[in-house]
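Here are some notes to read alongside the model. They go point by point, and each can be checked against the structure.

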Amino acid sequence: MRSSIVAWLIAAVCTVAAQTAVAQADWPKREVRIFVGFSAGGSTDIVARLLAQELSKAWGQAVLVENRAGATGNIAAELVAKAKPDGYTLLMGSVGPLAINASLFKAMPFDNLKDFTPITLVTHVPNMLVVNPRALPVATFPDLIAAAKANPGKYFYASTGSGTSSHLSAELLKMQAGIDIVHVPYKGAVAVTDLLSGESVHLMFATVPSLINHVRAGKLRALAVTSTARSGTAPDLPTVAELGFPGFEASSWFALVGPAGVPRDIVLKISTEVARALKQPELREKLVPQGADPVGSTPEELAEYMRSETAKWAKVVQAVGAKVD
């Protein structure tokens, strides 16, 4: 009798496992949602929507992008962290919620290294330093530093939110250059809109995709990029590091993650398809001119990158004393 019960239990477990494997092999059977923690039009949103189009074509299912802006990306990240780990709810996360915020906020609604399933690092995106030439008529990076030193507290810089790489890039420059410029935080891409008006703020650091079209149109003037190497989008634009601040680096990056516990085969299916899409000339031709460097890492590579970035930004946050309640 006992052996019969054991045999029945084993058979039941095997049946469930087989059914689960079949279900996962057929994934996705319905629409997939990718949440973005910032407003529409920002660089995270741009990359997410371009990738969603490719994934939708590949899977024959709708891949929808939903914006849940707020708390420096934490609102969308928390939603995904607490979602069912079936692969249908994903996050296009950025350096903020996936690395910086862990040391920026006193209390976090999730653990960035434990509550997500790393899937793939999608792109690296350098920040660009720009000024509104009508509000701050400087032609070069040295001109900006000289103007700021001569007028402490006079110039205001916008950011896409407190604790974002947009904010911390400027704080690093303040610390290293010994200048006094005033922070004006916004919620996402609206910061660029206000900078374009030239009425409230004079300059800002933001990702290349969110600024490049305005620079090309002559509405904003680019002075430098924050990556360790020059951007392929604007190869004539020097890095902050080569302009007298060795080691200065504060780039953004975007990664696709799901809730902790997403089945391994679904994770590999997504990461493989994203890597394939990022190699397609059609997608690269849309990303690279926008300043986004396609990556397409393995889940393991992303997990290690998130750990190293979390440690790096913790030191930066402590150094500049940035905090969000």
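Predicted model: local features only at pLDDT ≥ 70, side-chain atom pairs only at ≥ 80, totals over all residues.

**Notes on the model**

1. Thr 123 is found in strand β4. Is Thr 123 buried or exposed? Thr 123 is buried, because its relative accessible area is 0%, and the cut-off for buried is under 20%. Leaving out residues up to four places away in sequence, Thr 123 touches Val 47, Trp 253, Phe 254, Leu 287, Ala 292, Asp 293, Pro 294 and Val 295.

2. Strand β4 belongs to an open sheet of six strands, in the order β2-β1-β3-β10-β4-β11. The pairing in this sheet is mixed. Strands β2 (63-67) and β11 (293-294) stand at the edges with a single partner strand each, so one side of each has no neighbour in the sheet. As background, strands of a sheet pair through backbone hydrogen bonds, and they may be parallel or antiparallel.

3. Strands β1 (residues 32-36) and β3 (residues 89-94) run parallel and are joined by three bridges. Phe 35 stands opposite Leu 91 in β3.

4. Helix α2 (residues 43-59) lies across β1, β2, β3, β4 (116-125) and β10 (252-259). The angle between α2 and β2 is about 160 degrees.

5. How do α2 and α9 cross? The axes of α2 and helix α9 (residues 264-279) come within 10 Å and cross at roughly 115 degrees, which means that α2 is roughly perpendicular to α9. The crossing of α2 past α9 is right-handed. On the α2 side, the contact is made by Leu 51, Glu 54, Leu 55, Ala 58 and Trp 59. These meet Lys 269, Ile 270, Glu 273, Val 274, Arg 276 and Ala 277 in α9. Sorted by class, the residues of this contact are seven nonpolar, no polar and four charged.

6. A second pair of helices is α6 (residues 165-177) and α11 (residues 299-320), whose axes come within 10 Å and cross at roughly 55 degrees. That angle makes α6 oblique to α11. The crossing is left-handed. Leu 168, Glu 171, Leu 172 and Met 175 of α6 make the contact with Trp 313, Val 316, Val 317, Ala 319 and Val 320 of α11. The contact of α6 with α11 has eight nonpolar residues, no polar ones and one charged. As background, an α-helix has 3.6 residues a turn, so residues three or four places apart point the same way.

7. Strand β5 is mostly covered, with five of its five residues buried. Which residues lie on each face of β5? Asn 127, Leu 129 and Val 131 are on one side, while Met 128 and Val 130 are on the other. Five bridges join β5 to β8, and the two strands run antiparallel. Here Asn 127 stands opposite Thr 207 in β8. Strand β9 (residues 221-225) is also antiparallel to β5, and four bridges join them. In that pair, Leu 129 stands opposite Ala 224 in β9.

8. In helix α8 (residues 208-216), the residues Val 208, Pro 209, Ser 210, Leu 211 and Ile 212 are buried. The buried residues of α8 pack against α2, β4, β5 (127-131), α7 (190-197) and β8 (203-207). Gly 218 follows α8, and its phi is positive, near 80 degrees.

Definitions and conventions. Residues numbered from 1 in each chain as written. Heavy atoms only, no water. Pairing = 2+ DSSP bridges. Contact = heavy atoms within 4.5 Å. Axes fitted to C-alpha atoms, helices over the stretch in contact; angles between N-to-C directions. Parallel < 35°, antiparallel > 145°, perpendicular 65-115°, else oblique. Left-handed = near helix turned anticlockwise from the far one by under 90°. Nonpolar A, V, L, I, M, F, W, Y, C, P; charged D, E, K, R; others polar. Buried < 20%, exposed > 50% of the residue type's maximum accessible area, 1.4 Å probe, protein only.
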